[in-house]
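Please review the structure shown below before reading the briefing. The notes are arranged by topic for use alongside it.

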Protein chains: 2
Amino acid sequence: MSAKRIAFLGPPGTFSEEAALHYDSSAQLLPFASVAAVAAAVDSGMAEEGVVAIENSIEGSVTDTLDILIHESRLSIRRELVLPVGHCLLVRPGMQTADVKVILSHPQALGQCRRFVERCFPKAEIVAALSTAAAVEDMVGRENAAAIATRRAAELYSAEILAHDIQDRSDNLTRFVVLAESDHPPTGNDKTSLAFSFADDRPGLLVSVLQEFSSRDINLTKVESRPTKERLGEYIFLLDLAGHRSEGPVAEALEGIKAQSSLFRIFGSYPRYTSSA
Amino acid sequence: MSAKRIAFLGPPGTFSEEAALHYDSSAQLLPFASVAAVAAAVDSGMAEEGVVAIENSIEGSVTDTLDILIHESRLSIRRELVLPVGHCLLVRPGMQTADVKVILSHPQALGQCRRFVERCFPKAEIVAALSTAAAVEDMVGRENAAAIATRRAAELYSAEILAHDIQDRSDNLTRFVVLAESDHPPTGNDKTSLAFSFADDRPGLLVSVLQEFSSRDINLTKVESRPTKERLGEYIFLLDLAGHRSEGPVAEALEGIKAQSSLFRIFGSYPRYTSSA
């Protein structure tokens, strides 16, 4: 049997690759340049599954991923993965701390290490890159540059680790989701993700939807909103809840919401991540 | 009387500068390198007010601004401004469309013009910059580069406009807020922004808070969540509502929420933006 093909946000050395390896170390990993491209790879059959970041404990939602789930892709969430993210400051071999004049990284990583950068490199120029690994690629070709990236990127690009675990909080976690053609059967300890919006903005509508859950003692693990992209001030709401969409009370609550919504999409039900799994 | 000093996210040529000029064309405008620096400039008295973007109709919240309001600044929101954002594709004078191999801009602007870029420049390398004006600065020093930025940046940097209004939707609006020491007195047509969180995550808490508004017929114009930065899955909720914090029903609802919250902060009450104002 050939190995499963898993698409991830590349190049090699990103945290998405780390997550994909953690999820299935025997899979064939295929790097793509954007979250949209990862989704398209799964949509088109180039890969069976795609691993993308959806949320970080410091920086919040990865809005690219949310927007693609809402607007562009019909894929489901089959799994979630929660991994600690330890950022390192990488330089070309032999370079000293005093030589660092420019620091490159993905905006999410720069945000997660803001205090370290402000304290240790108050005069450094901060430059955004499209991924942490792309930052290392850029760094290699520049004078006086350092990059914030993974330990694995240091190996892949023969860079030196000048500092490790430089994120503002040591318990920095990122949640990834595995996108696939279908979601996951019930396991008894599941979560469900969905999106909905309303055709009008009467004050009570969101409350009425949330009551579908609170009245059935269903716990919401995430509440988020994204713009509809059509009019400023119109939102699509995203919820994560405890339970599987096939379970009685959850199924009832979802039917109740569907009846009140203009847009309604269940991204999928999947096992709640536990570090022992 | 000397002119009011207004801090904005620089360098000159950004949309924040456009918003600040629109707000008060006689003010002395002071550019700062980050939203945090704009807030610090007002906190420390270097400027009386600061203009920062808070939300875009395509890309959603500006999370930097939200996080600084929640975690770092004691400033209030005194005003909101809603402006159309027309993006242009800028190049060095004389450069042709076929020469464009690299496109630089702020990630928000890249997101707002994603479809244009994918259709017209499918092979171009996309490079992130810290602001749209910084992208133009970078562009000037590079071969085969174009930048997505304002019409004003084209003037300031003597660049040529290759294409205009390239955003994915023509009705692309950005909402800015004016930060100051105090918020605004009631005008009869106001909004109030606040943040709150709970010490535990019982299913009914958010519903109970939202009922404080729906039971008083107070309309919520925005609901958003941000991570507490302490634990994945713990959120701070942000609401905008119609009304001034000094009005009876709004004041009652706010007292009710305060009693149920662990964190509770009112960012301020301010006149609802109308384009004729």
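The model is predicted. Chain A and chain B are superposed by a rotation of 180° with 0.0 Å of shift along its axis, at an RMSD of 0.0 Å. That is the relation of a two-fold axis.

**Interface between the chains**

- The contact between the two chains involves 38 residues of chain A and 38 residues of chain B.
- On the side of chain A that touches chain B, the elements giving two or more residues are strand S8 (125-128), strand S11 (173-180), helix H8 (205-214) and strand S13 (220-227) of chain A.
- S13(A) supplies the largest share of that side, namely eight residues.
- Sorted by class, the side of chain A that touches chain B holds 19 nonpolar, 10 polar and nine charged residues.
- The copies meet through the same surface, because 100% of the interface residues of chain A are also interface residues in chain B.

**Domains of chain A**

- The domain assignment divides chain A into domain 1 (5-85 + 172-180), domain 2 (88-164) and domain 3 (190-271).
- Between the C-alpha centres of domain 2 and domain 3 of chain A there is a distance of 40 Å.

**The five-stranded sheet**

- Five strands of chain A form an open sheet with mixed pairing, in the order S8-S7-S9-S6-S10.
- At its edges stand S8 and strand S10 (160-164) of chain A; each has a single partner strand, so one side of each is left without a neighbour in the sheet.
- On average, and with direction ignored, neighbouring strands of this sheet are turned by 30° against each other.
- Strand S7 (residues 102-105) of chain A runs parallel to S8(A), and four bridges join the two.
- A:Ile103 has A:Ile126 in S8(A) as its bridge partner.
- Helix H6 (residues 132-140) of chain A lies across strand S6 (88-91), S7 and strand S9 (145-149) of chain A, and runs at about 160° to S9(A).

**Strand S11 and its partners**

- Seven of the eight residues of S11(A) are buried, so that the strand is mostly covered.- S11(A) pairs with strand S3 (residues 49-56) of chain A in the antiparallel sense over six bridges.
- Within this pairing of S3(A) and S11(A), A:Gly50 has A:Leu179 in S11(A) as its bridge partner.
- Strand S5 (residues 76-84) of chain A also pairs with S11(A) in the antiparallel sense, over eight bridges.
- For A:Glu80, the bridge partner in S11(A) is A:Val177.

Key:
Residues numbered from 1 in each chain as written. Chains lettered and ligands numbered in written order. Predicted model: local features only at pLDDT ≥ 70, side-chain atom pairs only at ≥ 80, totals over all residues. Contact = placed C-beta atoms within 7 Å. Nonpolar A, V, L, I, M, F, W, Y, C, P; charged D, E, K, R; others polar. Domains from an automatic or database assignment. Least-squares fit on C-alpha atoms with pLDDT ≥ 70 in both. Pairing = 2+ DSSP bridges. Axes fitted to C-alpha atoms, helices over the stretch in contact; angles between N-to-C directions. Buried ≥ 20, exposed ≤ 12 C-beta atoms within 10 Å, placed from the backbone.
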